[in-house]
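Thank you all for coming; I would like to take a few minutes to walk through one model, and please hold your comments until the end.

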Amino acid sequence: FLLWRPSPGRVTMLAAAYVVGSCFSLVYGLFDGPTAEGRYLGLSPHPNAFGHSMAFGVMLIPFLVARMPARRWWWYAAGAACCYGIWISGSRASLVAFVLIAVVYVVNERSVWATAVLLYAGVIFAIVWGLVVAASGNNAFARLLGAGSASDSDGQRVLRFHNAVVEMSKHPLLGDGFEQGREAHNIYLQVATGAGIFG
């Protein structure tokens, strides 16, 4: 990518293509329907990957609005669609990352408009809090609060973490290869299991 050194216009088109692709993934996911757990996949192999792709799409919206202000409402609509994709993916990590990046963006940009949007979103969320908490399901917020398939997912992660620690202890210096370590669901532990402490 550094050797390619794309022009600013080409970088803008790449970002726009990613966001448009995310929207197509969302539409496909809505037509394809939810998984047995009630989570959506889009064009990805896993609901978490779908949520992460939607989060990346949202993060590109401020850049695209700044680069193409004449089409800003299109990008705002695409950003709202990606936010909905995060919601229906059930990905807790994508939701938390989105909220943290939104707060960092407001603090970093010191934009009155962005601050107002964040405050209004917080007020609206506080108003509908009771409805959101009462509604069971596998949306990202419900799973963050422990509803739906979250407890089963947490249990599987704890088990995989334990298994990876056991595998790592067998070959702590050089690792045991990435076949078993992949299961750890924690990148630091995956590398330690696969390539050892030196890796």
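What you see is a predicted model, in which local features need pLDDT of at least 70 and side-chain atom pairs count only at pLDDT 80 or more, whereas totals for chains, interfaces and linings use all residues. Residues are numbered from 1 along each chain as its sequence is written, and side-chain values use heavy atoms, with hydrogens and water left out.

The chain has 11 helices and 0 strands, where helices (H or I, at least four residues) and strands (E, at least two) are DSSP runs numbered from the N terminus. Of its 199 residues, 32% are buried, and here buried means under 20% relative accessible area, exposed over 50%, and partly exposed in between, with a 1.4 Å probe and protein chains only. If we take contacts (heavy atoms within 4.5 Å) between residues at least 6 apart in sequence, 59% of them join residues at least 24 apart.

Let me turn to Ser 94, which sits in helix 5 (residues 92–109) and is buried, at a relative accessible area of 2%. Beyond its neighbours within four places in sequence, Ser 94 is in contact with Asn 48, Gly 51, His 52, Ala 55 and Ile 86. A polar atom of the Ser 94 side chain lies 3.2 Å from the backbone oxygen of Gly 51, and the side chains of Ser 94 and Ser 91 are joined by a polar contact of 2.9 Å; by that term I mean a pair of N or O atoms within 3.5 Å, where, within protein, one must be able to donate a hydrogen and the other to accept it, and residues adjacent in sequence count only if both atoms are side-chain atoms.

Next, the aromatic residues: how many aromatic pairs does the structure hold? There is 1, formed by Trp 73 and Tyr 76, edge-to-face, at 5.1 Å centre to centre and 70 degrees between the planes. Rings of Phe, Tyr and Trp (its six-membered ring) pair if their centres lie within 6.5 Å, and planes under 30 degrees apart count as stacked, over 60 as edge-to-face and the rest as tilted. Trp 73 and Tyr 76 are 3 residues apart in helix 4 (residues 72–89), so about one helical turn separates them. Trp 73 is exposed at 57% relative accessible area, while Tyr 76 is partly exposed at 26%.

Finally, Leu 118 is found in helix 6 (residues 112–127) and, at 34% relative accessibility, counts as partly exposed.
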